[in-house]
Amino acid sequence: MKRYITTLLLLLASAVCGRAQESGVIVPKYGSEPLKINSVEEWEQVHRPVIMNFFEQEVYGLMPEGQVGITYEVLSETKGALEGRAIRKEVAMKIAGIDTPIIILMYLPANAKGPVPAFLGMNFKGNHQTHTDPDITPSPNAPVTKGDPERGAASRRWPMEYIVENGYAVVTFNRDNVDPDEDDGFKNSVHPLFYAEGQTYPKANEWGTIGAWAWSLSRVMDYLVTDKAIDSNKVAVIGHSRLGKTALWAGATDTRFAIAISNNSGCGGAALSNREVGESVEVINRAFPHWFCDNYNKYRNNEEALLVDQQGLIALMAPRPVYVASATLDQWADPEGEYLSALYASPVYELYGLQGLTTPMPAPEQPMNSGHVGYHLRSGKHDILIYDWQQYIDFANRHFGK
Ligand code: GCU
């Protein structure tokens, strides 16, 4: 195992040095500092590939290159939903080799004059938890969700009426139907569909659960580009907490996402890892060994060894807009670490002549949303609430020209 890890490290180092030599650019250890890059060209040709390679090999794991058969079937499309405000649409995404279809729930603004922009994000415990609408098909139960989750139980997190009234579609599906959120050896997930012959577990540099969830967001995006009701150039990928980590990784790996929004994503998401605040790389890997790739374990109590901290993940969105949000009582997610990460990614946006963050962390309820890197700190707990959505819609309105 040790020899394997050493070989991987050598391979990574030689890939990094190879690229650097070709371009004549010395790749620094970026660490937990502002990213100081000289030009867009250097960013795109040297640093971005190096940083992407690092996150693929060492943090979230590589997504598979192969493809599986996926079909999409519109199950229903009903006008008059949400008291006349919306069209409710359900689409079954069937992945060959997975028994249970993933049901994509969509609310589209009623009376839209053309294709609309959308927010796409996974939900934790089923589509029917996102709203009390009695006609939402319950997401098939997943092993980690005990019992039948109550209809509408998570509706505070999904202000559907508000979103559609602002001219946006909401698109959501249950993360557990892609890969149940438990350390089950990836037995019930999409991972085995891509194993090489004889393989029974992802390799040390291959995707974990966050990788699989991000991959599934891209597979839903594959559907959205075919749906005439959606303006697929204006899809914001969004997620709360572990799903915020996932939204950032999805935005980094799939440039079709026009905006990425991380709500209280914390460790392994927006927050810098190399600070002794809140959750650490050690704790997250112990509690959730399935989220990241096995290589990430090398950084337990060893964060200074990271080639780049999480500001590198945020910068992978550039020049597309990115938004990070924290909550005052969510110390586990290290609000300041989340802010600093967005601040330290900002110089990359500035290379493109775009406005990033430059000032100290704002007070609660003082959103910074005028540039391409947005941030706000909400008073209160770890959650995603109407206040957060109001800021995301403001931010999306600016960038989508609404
Ligand atoms: C735990 C975990 C966090 C995660 C959060 C969530 O608190 O430690 O990393 O973000 O769950 O997803 O709600």
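This is a predicted model: local features need pLDDT of at least 70, side-chain atom pairs count only at pLDDT 80 or more; totals for chains, interfaces and linings use all residues.
Me: Let's start with helix α2. Which residues does α2 cover, and what span would a straight helix of that length have?

Reply: Helix α2 runs over residues 40–59. A straight helix of 20 residues would span 28 Å, at 1.5 Å a residue. The end C-alpha atoms of α2 span only 25 Å.

Me: Where does α2 bend, and by how much?

Reply: Look at His47, where α2 bends by about 40°. A proline, Pro49, follows within four residues.

Me: How many residues of α2 are buried?

Reply: Buried means under 20% relative accessible area. In α2, 14 of the 20 residues are buried, so the helix is largely enclosed by the rest of the structure.

Me: What follows α2?

Reply: Gly61 follows α2, and the phi of Gly61 is positive, near 85°.

Me: Which residues line the largest cavity?

Reply: Among them are Phe186, Tyr201, Lys203, Glu206, Trp207, His290 and Asp294. By class, the lining has 7 nonpolar, 2 polar and 3 charged residues.

Me: And the largest pocket? What volume does it have?

Reply: The volume of the largest pocket is about 250 Å³. It is lined by 20 residues, and Asn123, Phe124, Arg157, Trp158 and His240 are the closest to its centre.

Me: Which element gives the most residues to the lining of the largest pocket?

Reply: Strand β6 gives the most, with 3 residues. At least two residues each come from β4 (116–123), β6 (230–240) and α6 (242–253).

Me: How does that pocket lining divide by residue class?

Reply: The pocket lining divides into 9 nonpolar, 8 polar and 3 charged residues.

Me: On to charges. How many salt bridges does a search of the whole structure find?

Reply: Again, the general idea first. Side chains of opposite charge can pair when their charged atoms come close. A search of the whole structure finds 22 salt bridges.

Me: Take Asp176. Which residue forms a salt bridge with Asp176?

Reply: Asp176 pairs with Arg175, and their closest N and O atoms are 3.5 Å apart. Asp176 counts as buried, at 3% relative accessibility. Arg175 counts as buried too, at 6%.

Me: What is the partner of Arg242, and how far apart are the closest N and O atoms?

Reply: Arg242 forms a salt bridge with Asp181, with the closest N and O atoms 2.7 Å apart. This pair links distant parts of the chain, 61 residues apart. Arg242 sits in helix α6, while Asp181 is in the loop between β5 (169–174) and α5 (209–224).

Me: Are these two buried or partly exposed?

Reply: Arg242 is partly exposed, with a relative accessible area of 21%. Asp181 is buried, at 10%.

Me: Which residues join Arg242 and Asp181 in a network of salt bridges?

Reply: Arg175 and Asp176 do; the four residues are linked in a network.

Note on methods:
Residues are numbered from 1 along each chain as its sequence is written. Side-chain values use heavy atoms; hydrogens and water are left out. On a 1 Å grid over the protein atoms alone, a cavity is a set of points where a 1.4 Å probe fits but cannot get out, and a pocket is an open set with protein on both sides within 12 Å along at least five of seven lines; lining residues have an atom within 4 Å of a point. Ala, Val, Leu, Ile, Met, Phe, Trp, Tyr, Cys and Pro count as nonpolar, Asp, Glu, Lys and Arg as charged, and the others, Gly among them, as polar. The expected span of a helix is 1.5 Å times one less than its number of residues. The bend at a residue is the angle between axes fitted to the seven residues ending there and the seven starting there. Buried means under 20% relative accessible area, exposed over 50%, partly exposed in between (1.4 Å probe, protein chains only). Grid points are joined across faces, edges and corners, and a volume is the space filled by probe spheres set on the points. A salt bridge is a side-chain nitrogen of Lys or Arg within 4 Å of a carboxyl oxygen of Asp or Glu.
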